[in-house]
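Morning, everyone. Please bring the model up on your screens. We will walk through its pockets, its cavity and its cores.

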Amino acid sequence: HFVNSGSEANELAIRMAKTYTQQQDMLAIEVGYHGNTNACIDVSSYKFDGKGGQGAPPSTHLLPIPDSFRGKYRNPVTAGQEYANYAKPIIQKLAKTGKGVAGVIVESILSCGGQIVLPENYLKNLYRIVRAAGGLCVADEVQVGMGRVGKHFWGFELQEVVPDIVTIGKPIGNGHPLGAVVCTEAVAEAFANGMEYFNTFGGNPVSCAIGQAVLEVVQTESLQAHALRIGDYLKAGFQDLQSRFPVIGDVRGHGLFLGVELVEDVAKKTPASQKAAYLANRMREMGILISTDGPYCNVLKIKPPLCFSMSNADLLLSRMEEILKEHAMRSL
(Lines give C-alpha, C1' and ligand atoms only; values in the text may rest on other atoms or scores of the structure.)
Protein backbone atom coordinates (compact mmCIF):
# COMPACT_ATOMS: atom_id res chain seq x y z
CA HIS A 1 0.00 0.00 0.00
CA PHE A 2 1.51 3.34 -1.06
CA VAL A 3 1.28 6.39 1.19
CA ASN A 4 3.01 9.77 1.29
CA SER A 5 4.98 9.67 4.57
CA GLY A 6 6.35 7.48 7.32
CA SER A 7 3.63 8.76 9.62
CA GLU A 8 0.94 7.64 7.19
CA ALA A 9 2.70 4.29 6.77
CA ASN A 10 2.70 3.63 10.51
CA GLU A 11 -0.87 4.92 10.88
CA LEU A 12 -2.00 2.43 8.24
CA ALA A 13 0.06 -0.39 9.76
CA ILE A 14 -1.57 0.13 13.16
CA ARG A 15 -5.01 0.21 11.52
CA MET A 16 -4.21 -3.03 9.69
CA ALA A 17 -3.09 -4.74 12.90
CA LYS A 18 -6.26 -3.72 14.69
CA THR A 19 -8.45 -4.81 11.77
CA TYR A 20 -6.72 -8.18 11.46
CA THR A 21 -6.80 -9.03 15.17
CA GLN A 22 -10.01 -7.19 16.11
CA GLN A 23 -8.08 -5.87 19.11
CA GLN A 24 -7.14 -2.31 20.09
CA ASP A 25 -4.13 -2.60 22.41
CA MET A 26 -0.61 -2.03 21.10
CA LEU A 27 2.83 -2.66 22.57
CA ALA A 28 5.55 -0.07 21.92
CA ILE A 29 9.00 0.91 23.19
CA GLU A 30 9.83 3.65 25.69
CA VAL A 31 11.03 6.86 24.01
CA GLY A 32 9.97 5.45 20.65
CA TYR A 33 8.74 7.70 17.85
CA HIS A 34 6.58 6.54 14.94
CA GLY A 35 5.04 9.67 13.44
CA ASN A 36 2.82 12.71 13.90
CA THR A 37 -0.69 11.42 13.18
CA ASN A 38 -3.12 10.52 15.98
CA ALA A 39 -2.53 6.76 16.01
CA CYS A 40 1.23 7.27 15.69
CA ILE A 41 1.36 9.71 18.59
CA ASP A 42 -0.60 7.17 20.63
CA VAL A 43 2.30 4.68 20.31
CA SER A 44 5.11 7.26 20.48
CA SER A 45 6.44 7.60 24.02
CA TYR A 46 8.91 10.19 22.72
CA LYS A 47 5.86 12.45 22.28
CA PHE A 48 3.29 11.54 24.93
CA ASP A 49 5.94 11.20 27.66
CA GLY A 50 7.71 14.39 26.57
CA LYS A 51 6.98 18.09 26.90
CA GLY A 52 3.29 18.77 26.36
CA GLY A 53 2.38 15.10 26.47
CA GLN A 54 -0.20 13.49 28.73
CA GLY A 55 1.26 10.02 29.09
CA ALA A 56 0.36 6.78 27.39
CA PRO A 57 -3.27 6.27 26.35
CA PRO A 58 -5.02 3.25 27.90
CA SER A 59 -4.54 1.19 24.74
CA THR A 60 -0.72 1.61 24.63
CA HIS A 61 1.58 -0.51 26.78
CA LEU A 62 5.27 0.34 26.96
CA LEU A 63 8.25 -1.99 26.98
CA PRO A 64 11.57 -0.68 28.37
CA ILE A 65 14.30 0.41 25.97
CA PRO A 66 16.39 -2.73 25.34
CA ASP A 67 19.60 -0.87 26.05
CA SER A 68 22.61 -3.14 26.57
CA PHE A 69 24.88 -0.18 27.39
CA ARG A 70 23.13 1.48 30.34
CA GLY A 71 19.95 -0.57 30.76
CA LYS A 72 19.06 -3.16 33.41
CA TYR A 73 20.23 -6.09 31.30
CA ARG A 74 23.66 -5.87 29.66
CA ASN A 75 24.71 -9.46 29.05
CA PRO A 76 24.92 -9.75 25.25
CA VAL A 77 23.85 -13.40 25.35
CA THR A 78 20.77 -13.09 27.57
CA ALA A 79 19.65 -9.43 27.28
CA GLY A 80 17.48 -10.05 24.22
CA GLN A 81 15.35 -12.63 25.99
CA GLU A 82 15.27 -10.69 29.27
CA TYR A 83 14.01 -7.49 27.65
CA ALA A 84 11.49 -9.35 25.48
CA ASN A 85 10.03 -11.02 28.56
CA TYR A 86 8.55 -7.67 29.66
CA ALA A 87 5.80 -8.29 27.12
CA LYS A 88 4.51 -11.38 28.96
CA PRO A 89 2.94 -9.76 32.06
CA ILE A 90 1.35 -7.04 29.91
CA ILE A 91 -0.32 -9.61 27.68
CA GLN A 92 -1.37 -11.67 30.69
CA LYS A 93 -2.93 -8.61 32.33
CA LEU A 94 -4.86 -7.82 29.15
CA ALA A 95 -6.12 -11.40 28.98
CA LYS A 96 -7.53 -11.14 32.51
CA THR A 97 -9.72 -8.24 31.37
CA GLY A 98 -10.87 -10.10 28.26
CA LYS A 99 -8.60 -8.20 25.90
CA GLY A 100 -5.91 -9.28 23.49
CA VAL A 101 -3.00 -7.51 21.83
CA ALA A 102 -3.29 -6.08 18.33
CA GLY A 103 0.45 -5.98 17.84
CA VAL A 104 3.84 -4.53 18.65
CA ILE A 105 5.65 -1.79 16.74
CA VAL A 106 9.43 -1.48 17.00
CA GLU A 107 12.10 0.37 15.03
CA SER A 108 14.75 -2.10 13.90
CA ILE A 109 17.35 0.21 15.48
CA LEU A 110 15.86 2.66 17.99
CA SER A 111 16.37 6.22 16.79
CA CYS A 112 14.90 8.73 19.28
CA GLY A 113 15.65 6.19 22.02
CA GLY A 114 19.36 6.87 21.43
CA GLN A 115 20.45 4.94 18.31
CA ILE A 116 20.04 1.72 20.29
CA VAL A 117 21.09 -1.46 18.52
CA LEU A 118 18.69 -4.17 19.65
CA PRO A 119 20.27 -7.00 21.68
CA GLU A 120 20.76 -10.27 19.86
CA ASN A 121 17.52 -12.26 19.53
CA TYR A 122 15.40 -9.44 20.99
CA LEU A 123 12.94 -9.27 18.11
CA LYS A 124 12.99 -13.03 17.66
CA ASN A 125 11.83 -13.52 21.25
CA LEU A 126 9.47 -10.53 21.29
CA TYR A 127 7.80 -11.58 18.04
CA ARG A 128 7.33 -15.10 19.37
CA ILE A 129 5.62 -13.82 22.52
CA VAL A 130 3.34 -11.40 20.64
CA ARG A 131 2.39 -13.91 17.96
CA ALA A 132 1.58 -16.54 20.55
CA ALA A 133 -0.97 -14.06 21.92
CA GLY A 134 -2.48 -13.50 18.46
CA GLY A 135 -0.84 -10.14 17.77
CA LEU A 136 1.03 -8.87 14.73
CA CYS A 137 4.62 -7.64 14.52
CA VAL A 138 5.31 -4.31 12.83
CA ALA A 139 8.86 -3.34 11.82
CA ASP A 140 9.26 0.43 11.51
CA GLU A 141 11.90 0.83 8.80
CA VAL A 142 11.20 4.50 8.10
CA GLN A 143 14.67 5.63 9.20
CA VAL A 144 16.71 2.45 9.17
CA GLY A 145 15.67 0.71 5.94
CA MET A 146 16.63 0.96 2.26
CA GLY A 147 20.23 -0.24 2.62
CA ARG A 148 21.27 2.24 5.31
CA VAL A 149 22.53 -0.42 7.74
CA GLY A 150 24.92 -1.73 5.09
CA LYS A 151 25.05 -5.39 5.98
CA HIS A 152 21.39 -5.85 5.01
CA PHE A 153 18.84 -3.91 3.00
CA TRP A 154 16.36 -3.94 5.90
CA GLY A 155 17.19 -3.37 9.55
CA PHE A 156 15.00 -6.24 10.76
CA GLU A 157 17.28 -8.65 8.92
CA LEU A 158 19.93 -7.87 11.54
CA GLN A 159 17.66 -9.71 13.98
CA GLU A 160 16.92 -12.61 11.59
CA VAL A 161 13.15 -12.11 11.73
CA VAL A 162 10.34 -11.61 9.24
CA PRO A 163 7.70 -9.10 10.40
CA ASP A 164 4.00 -9.27 9.55
CA ILE A 165 4.05 -5.62 8.46
CA VAL A 166 6.93 -3.39 7.33
CA THR A 167 6.63 0.39 7.10
CA ILE A 168 8.80 2.48 4.77
CA GLY A 169 8.99 6.26 4.70
CA LYS A 170 11.05 9.17 3.43
CA PRO A 171 14.10 7.31 2.03
CA ILE A 172 12.10 5.62 -0.72
CA GLY A 173 11.26 9.02 -2.22
CA ASN A 174 14.62 10.68 -1.52
CA GLY A 175 12.81 13.86 -0.46
CA HIS A 176 9.65 13.34 -2.49
CA PRO A 177 6.61 12.53 -0.28
CA LEU A 178 6.36 8.77 -0.61
CA GLY A 179 6.09 5.84 1.77
CA ALA A 180 4.80 2.30 1.74
CA VAL A 181 3.31 -0.43 3.87
CA VAL A 182 4.24 -4.00 3.02
CA CYS A 183 2.35 -6.83 4.70
CA THR A 184 1.63 -10.53 4.48
CA GLU A 185 -1.16 -11.74 2.21
CA ALA A 186 -3.25 -12.73 5.23
CA VAL A 187 -3.09 -9.19 6.65
CA ALA A 188 -3.91 -7.66 3.26
CA GLU A 189 -6.93 -9.93 2.81
CA ALA A 190 -8.28 -9.10 6.26
CA PHE A 191 -7.85 -5.40 5.55
CA ALA A 192 -9.68 -5.66 2.22
CA ASN A 193 -13.06 -5.84 3.97
CA GLY A 194 -14.92 -3.56 1.58
CA MET A 195 -13.72 -0.24 3.01
CA GLU A 196 -11.63 0.84 0.05
CA TYR A 197 -8.21 2.30 0.78
CA PHE A 198 -6.49 4.72 -1.58
CA ASN A 199 -3.87 7.44 -1.24
CA THR A 200 -3.86 10.33 -3.67
CA PHE A 201 -0.30 11.47 -3.07
CA GLY A 202 1.51 8.21 -2.39
CA GLY A 203 -0.04 6.01 -5.05
CA ASN A 204 0.02 8.26 -8.10
CA PRO A 205 2.17 7.36 -11.16
CA VAL A 206 4.63 10.23 -10.61
CA SER A 207 5.38 9.22 -7.02
CA CYS A 208 5.74 5.57 -8.01
CA ALA A 209 8.13 6.50 -10.82
CA ILE A 210 10.23 8.47 -8.35
CA GLY A 211 10.28 5.54 -5.90
CA GLN A 212 11.34 3.20 -8.69
CA ALA A 213 14.14 5.59 -9.70
CA VAL A 214 15.40 5.79 -6.12
CA LEU A 215 15.51 2.00 -5.82
CA GLU A 216 17.41 1.79 -9.12
CA VAL A 217 19.99 4.32 -7.93
CA VAL A 218 20.46 2.48 -4.62
CA GLN A 219 21.09 -0.70 -6.60
CA THR A 220 23.11 0.53 -9.57
CA GLU A 221 25.34 2.81 -7.46
CA SER A 222 25.81 0.10 -4.80
CA LEU A 223 24.75 2.47 -2.03
CA GLN A 224 24.14 -0.35 0.43
CA ALA A 225 27.74 -1.54 0.09
CA HIS A 226 28.84 2.10 0.22
CA ALA A 227 26.93 2.60 3.49
CA LEU A 228 28.68 -0.43 4.96
CA ARG A 229 32.15 0.74 3.88
CA ILE A 230 31.78 4.36 5.00
CA GLY A 231 29.87 3.34 8.12
CA ASP A 232 32.58 0.92 9.20
CA TYR A 233 35.20 3.62 8.57
CA LEU A 234 33.27 6.17 10.63
CA LYS A 235 32.64 3.69 13.43
CA ALA A 236 36.33 2.85 13.62
CA GLY A 237 37.13 6.58 13.65
CA PHE A 238 34.72 7.23 16.51
CA GLN A 239 36.15 4.27 18.41
CA ASP A 240 39.61 5.76 17.99
CA LEU A 241 38.33 9.03 19.44
CA GLN A 242 36.73 7.03 22.26
CA SER A 243 40.11 5.55 23.16
CA ARG A 244 41.54 9.06 23.53
CA PHE A 245 38.55 10.96 24.93
CA PRO A 246 36.77 9.17 27.80
CA VAL A 247 33.73 11.44 27.40
CA ILE A 248 32.74 9.02 24.63
CA GLY A 249 31.18 6.14 26.52
CA ASP A 250 29.84 4.07 23.65
CA VAL A 251 29.97 3.88 19.86
CA ARG A 252 27.27 1.76 18.25
CA GLY A 253 25.24 1.16 15.14
CA HIS A 254 25.38 -0.37 11.68
CA GLY A 255 26.30 1.23 8.37
CA LEU A 256 25.29 4.88 8.25
CA PHE A 257 23.06 4.62 11.31
CA LEU A 258 25.43 5.32 14.20
CA GLY A 259 25.22 6.65 17.73
CA VAL A 260 27.96 8.17 19.89
CA GLU A 261 26.98 8.31 23.57
CA LEU A 262 28.70 10.87 25.80
CA VAL A 263 29.19 10.27 29.52
CA GLU A 264 30.63 12.23 32.44
CA ASP A 265 31.99 9.12 34.12
CA VAL A 266 32.90 5.94 32.23
CA ALA A 267 32.19 3.62 35.15
CA LYS A 268 28.96 5.26 36.29
CA LYS A 269 27.87 6.11 32.73
CA THR A 270 26.49 9.44 33.90
CA PRO A 271 24.91 11.14 30.86
CA ALA A 272 26.93 14.09 29.55
CA SER A 273 23.95 16.00 28.19
CA GLN A 274 25.57 19.45 28.34
CA LYS A 275 28.66 18.25 26.52
CA ALA A 276 26.52 16.63 23.83
CA ALA A 277 24.59 19.88 23.33
CA TYR A 278 27.85 21.87 23.20
CA LEU A 279 29.36 19.50 20.65
CA ALA A 280 26.26 19.59 18.44
CA ASN A 281 26.17 23.41 18.49
CA ARG A 282 29.89 23.75 17.79
CA MET A 283 29.58 21.31 14.88
CA ARG A 284 26.78 23.49 13.49
CA GLU A 285 29.02 26.55 13.76
CA MET A 286 31.61 24.62 11.75
CA GLY A 287 29.09 23.84 9.03
CA ILE A 288 28.14 20.31 10.06
CA LEU A 289 24.58 19.61 11.15
CA ILE A 290 24.34 17.01 13.89
CA SER A 291 21.86 16.57 16.72
CA THR A 292 21.27 14.61 19.91
CA ASP A 293 18.86 11.85 20.91
CA GLY A 294 18.15 9.46 23.73
CA PRO A 295 16.28 9.84 27.04
CA TYR A 296 19.04 12.16 28.31
CA CYS A 297 19.83 13.89 24.99
CA ASN A 298 23.43 12.71 25.32
CA VAL A 299 23.69 10.58 22.19
CA LEU A 300 24.98 12.10 18.96
CA LYS A 301 23.08 10.65 16.03
CA ILE A 302 25.12 10.05 12.89
CA LYS A 303 22.77 9.39 9.97
CA PRO A 304 24.11 11.16 6.87
CA PRO A 305 22.72 10.62 3.35
CA LEU A 306 23.86 7.42 1.65
CA CYS A 307 26.03 9.43 -0.76
CA PHE A 308 28.23 10.50 2.19
CA SER A 309 31.81 10.18 0.97
CA MET A 310 35.09 9.18 2.56
CA SER A 311 36.23 12.82 2.49
CA ASN A 312 32.97 13.80 4.20
CA ALA A 313 33.68 11.21 6.88
CA ASP A 314 37.22 12.51 7.39
CA LEU A 315 35.91 16.06 7.77
CA LEU A 316 33.30 14.92 10.32
CA LEU A 317 35.87 13.04 12.38
CA SER A 318 38.43 15.86 12.28
CA ARG A 319 35.89 18.47 13.34
CA MET A 320 34.69 16.28 16.19
CA GLU A 321 38.25 15.71 17.38
CA GLU A 322 38.89 19.47 17.24
CA ILE A 323 35.85 20.15 19.46
CA LEU A 324 36.67 17.35 21.90
CA LYS A 325 40.00 19.08 22.48
CA GLU A 326 38.43 22.44 23.24
CA HIS A 327 38.82 23.75 26.78
CA ALA A 328 35.18 24.82 26.97
CA MET A 329 34.09 21.29 26.11
CA ARG A 330 36.28 19.77 28.83
CA SER A 331 35.21 22.29 31.50
CA LEU A 332 31.46 21.76 31.15
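The largest pocket has a volume of about 500 Å³. It is lined by 18 residues, and Arg148, Pro171, Asn174, Pro305 and Leu306 are the closest to its centre. This is a predicted model: local features need pLDDT of at least 70, side-chain atom pairs count only at pLDDT 80 or more, and totals for chains, interfaces and linings use all residues. Residues are numbered from 1 along each chain as its sequence is written, and side-chain values use heavy atoms, with hydrogens and water left out.

Now the terms. On a 1 Å grid over the protein atoms alone, a pocket is an open set of points with protein on both sides within 12 Å along at least five of seven lines. A cavity is a set of points where a 1.4 Å probe fits but cannot get out. Lining residues have an atom within 4 Å of a point. Points are joined across faces, edges and corners, and a volume is the space filled by probe spheres set on them.

Back to the largest pocket. Which helix gives the most to its lining? Helix H8, residues 205–220, with 3 residues. Helices (H or I, at least four residues) and strands (E, at least two) are DSSP runs, numbered from the N terminus. By class, this lining has 11 nonpolar, 4 polar and 3 charged residues. Here Ala, Val, Leu, Ile, Met, Phe, Trp, Tyr, Cys and Pro count as nonpolar, Asp, Glu, Lys and Arg as charged, and the others, Gly among them, as polar.

Next, the second largest pocket. Its space is about 370 Å³. It has 20 lining residues, with Val117, Leu118, Pro119, Glu120 and His254 nearest the centre. Two or more lining residues come from each of strand E6 (116–117) and strand E10 (248–254). E10 gives the largest share, 3 residues. The classes are 8 nonpolar, 5 polar and 7 charged.

How many cavities of 30 Å³ or more does a search of the whole structure find? The search finds 1. The largest cavity holds about 40 Å³ of space. Its lining includes Ile29, Glu30, His34 and Cys112. That lining divides into 4 nonpolar, 4 polar and 2 charged residues.

On to the cores. A nonpolar core is a set of buried Ala, Val, Leu, Ile, Met, Phe, Trp, Tyr and Cys residues joined through side-chain atoms within 4.5 Å. Buried means under 20% relative accessible area, exposed over 50%, partly exposed in between (1.4 Å probe, protein chains only). The largest core has 69 residues, and Leu126, Leu234, Phe238 and Leu262 have the most contacts inside it. Apart from it lies another core of 19 residues, among them Ala17, Val43, Leu136 and Val181.

Thr21 sits in helix H1, residues 6–21. Why does Thr21 count as buried? Because its relative accessibility is 13%. Beyond four places in sequence, Thr21 touches Val101, Ala102, Gly134, Gly135 and Leu136; contact means heavy atoms within 4.5 Å.

Gly114 is in the loop between strand E5 (109–110) and E6. Gly114 is buried, at 0% relative accessible area. Leaving aside neighbours within four places in sequence, Gly114 is in contact with Arg252, Asp293, Gly294 and Val299. Gly114 and Asn281 are 167 residues apart in sequence, and 18 Å apart in space, C-alpha to C-alpha.
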